[in-house]
Amino acid sequence: MFESFPERAVVYEVGPRDGLQNEAAQIPTERKLALIAALAKAGLQRIEVTSFVSPRWIPQLADAEQVVAALPRSPEVVYSALVPNEQGLQRSIDAGLSEAAFFLSSSESHSKKNINKSVAEAVALYTKLAKKALAAGLKVRAYVSTVWGCPYEGEVPLERSVELARRMVDLGCYQVSLGDTIGVGTPVQTRAVLEGMLARLPAAQLAMHMHDTRGTALANVLVGLSMGITTFDASVGGLGGCPYAPGAAGNLATEDLVYMLQGMGIETGVDLELLVEAGQLAQEAVGRELPGKYLKAASGARQKKAVPGQT
Ligand code: HMG
Ligand code: MG
């Protein structure tokens, strides 16, 4: 297992979207923008910044247009946003984003609760939307949720997730991010999930999106790395949760992921010190301490240094 790690990995930051979507108190747009700017400054080149979903379903992201209009533009950074339907896609095109992210579930109850559609309806819709998005020159990423388990149905047959992932790639999505939406996955299960996926899809077209509800996200990432996966979603400070997956915690914290990758000699292009500064901004934005381990350790060390007489 410790012989075949990649030289570099892509860290796909989802904090401003997946992280913030669950926050009850409205965060001012300027704070979101400051956080995104800090993440870009830390070297993150893939940032999911918001969602063009119904503001009634996700009030926190009702300012999607304002966020996108004021993004700090840089040729190195690709911004994306979730798109759930035709209206969302049009909003995303009008806002001028170059990448859209489709999302669907492999379990019926989560699908219904999250996007008010059956899985088959979602597939039919995205089949139509993919054509339009690609014709408009967008790149499209897709999420398949509840691959490791569903908050309403429990275990989900792997074949269903594999079929959906394959389908999304066939529609022209350049990558499918596999969601452990409620953070139940463990390493042996992850190996089985990835074996199933890799039998039908190349590793480069897969990403892992692990929520860290039970503390197993990094262990699962390690399995992914050893099996050739090189893109990992993460959320600054471990911010977040899914409003339609009760009990789900935030994503794997970006700092924890970057720390582990760097320690293993895997290049990410991310500056951990600057990432901690972004984490501190995220904490200020939500008004509480975030669960990310590295962020806690680094913030503690900084505070100690700031107190005279302590080392
Ligand atoms: P619906 O109620 O069935 O929508 O919701 P509708 O088409 O019947 O429209 C109802 C109203 O919503 C209409 O307004 C539409 O205009 C409006 P009215 O005429 O009543 O005033 N509407 C919109 N407004 C703005 N933008 C839009 C839009 N669409 C409709 N795009 C819908 C269906 C899909 C819209 C809704 O269910 C929705 O927005 N769901 C998104 C929920 C969400 O964002 N969940 C969290 C993200 S998923 C996740 O976190 C998992 C992931 O991280 C991976 C993982 O962890 O596994 C990705
Ligand atoms: Mg998620």
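Is Leu-89 buried or exposed at 0% relative accessibility? Leu-89 counts as buried, because its relative accessibility is 0%. Let me give the cut-offs now: buried means under 20% relative accessible area, exposed means over 50%, and partly exposed is in between, with a 1.4 Å probe and protein chains only.

A word on the model. It is predicted: local features need pLDDT of at least 70, side-chain atom pairs count only at pLDDT 80 or more, and totals for chains, interfaces and linings use all residues. Residues are numbered from 1 along each chain as its sequence is written, chains are lettered from A and ligands numbered from 1 in the order in which they are written, and side-chain values use heavy atoms, with hydrogens and water left out.

Back to Leu-89. This residue lies in helix 4. Helices (H or I, at least four residues) and strands (E, at least two) are DSSP runs, numbered from the N terminus. Leu-89 touches Val-83, Leu-129, Lys-132, Ala-133 and Leu-138, leaving out residues up to four places away in sequence. Contact here means heavy atoms within 4.5 Å. Ala-101 is 12 residues from Leu-89 along the chain, and their C-alpha atoms are separated by 9.4 Å.

Helix 4 takes us to the ligand. Which helix gives the most to the shell around ligand 1? Helix 4 does, with three residues. There are 29 residues around ligand 1, and Asn-85, Arg-91, Asn-116, Ser-145 and Thr-181 come nearest. A residue is near a molecule or strand if one of its heavy atoms lies within 4 Å of it.

Now the polar contacts. These are pairs of N or O atoms within 3.5 Å; within protein, one must be able to donate a hydrogen and the other to accept it, and residues adjacent in sequence count only if both atoms are side-chain atoms. Take Asn-85: an N or O atom in its side chain is 2.7 Å from a nitrogen atom of ligand 1. For the side chain of Asn-114, an N or O atom is 2.8 Å from a nitrogen atom of the ligand. Ser-54 uses its backbone: an N or O atom there lies 2.9 Å from an oxygen atom of ligand 1.

How much of ligand 1 does the protein cover? On its own, ligand 1 has 1100 Å² of accessible area, and the protein covers 76% of that. The areas come from the Shrake-Rupley method with a 1.4 Å probe; for residues, only the protein chains shown count as cover.

Next, two backbone angles. Most residues other than glycine have a negative phi. Asn-116 is not a glycine, yet its phi is positive, about 60 degrees. It sits in the loop between helix 5 and helix 6 (119–135). Asn-116 is partly exposed, because its relative accessible area is 45%. Thr-146 also has a positive phi, near 60 degrees. Its loop runs between strand 5 and helix 7 (158–170). Thr-146 is buried, because its relative accessible area is 0%.

Now Gln-60. It is found in the loop between strand 2 (46–51) and helix 3 (64–69). With 1% relative accessibility, Gln-60 counts as buried. Its contacts beyond four places in sequence include Leu-20, Glu-23, Gln-26 and Ile-27.

Val-286 is in contact with Leu-20, Glu-23, Ile-27 and Leu-239, leaving aside neighbours within four places in sequence. This residue lies in helix 11 (residues 272–286). At 13% relative accessibility, Val-286 counts as buried. Gln-26 is 260 residues away along the chain, but the two C-alpha atoms are separated by 9.1 Å.

Where is Glu-255? It is in helix 10 (residues 254–263). Glu-255 is buried, with a relative accessible area of 0%. Among its contacts beyond four places in sequence are Val-236, Leu-275 and Tyr-294.

Arg-191 lies in helix 8 (residues 187–198). Arg-191 is partly exposed, because its relative accessible area is 44%. Leaving out residues up to four places away in sequence, Arg-191 touches Val-223 and Met-227.
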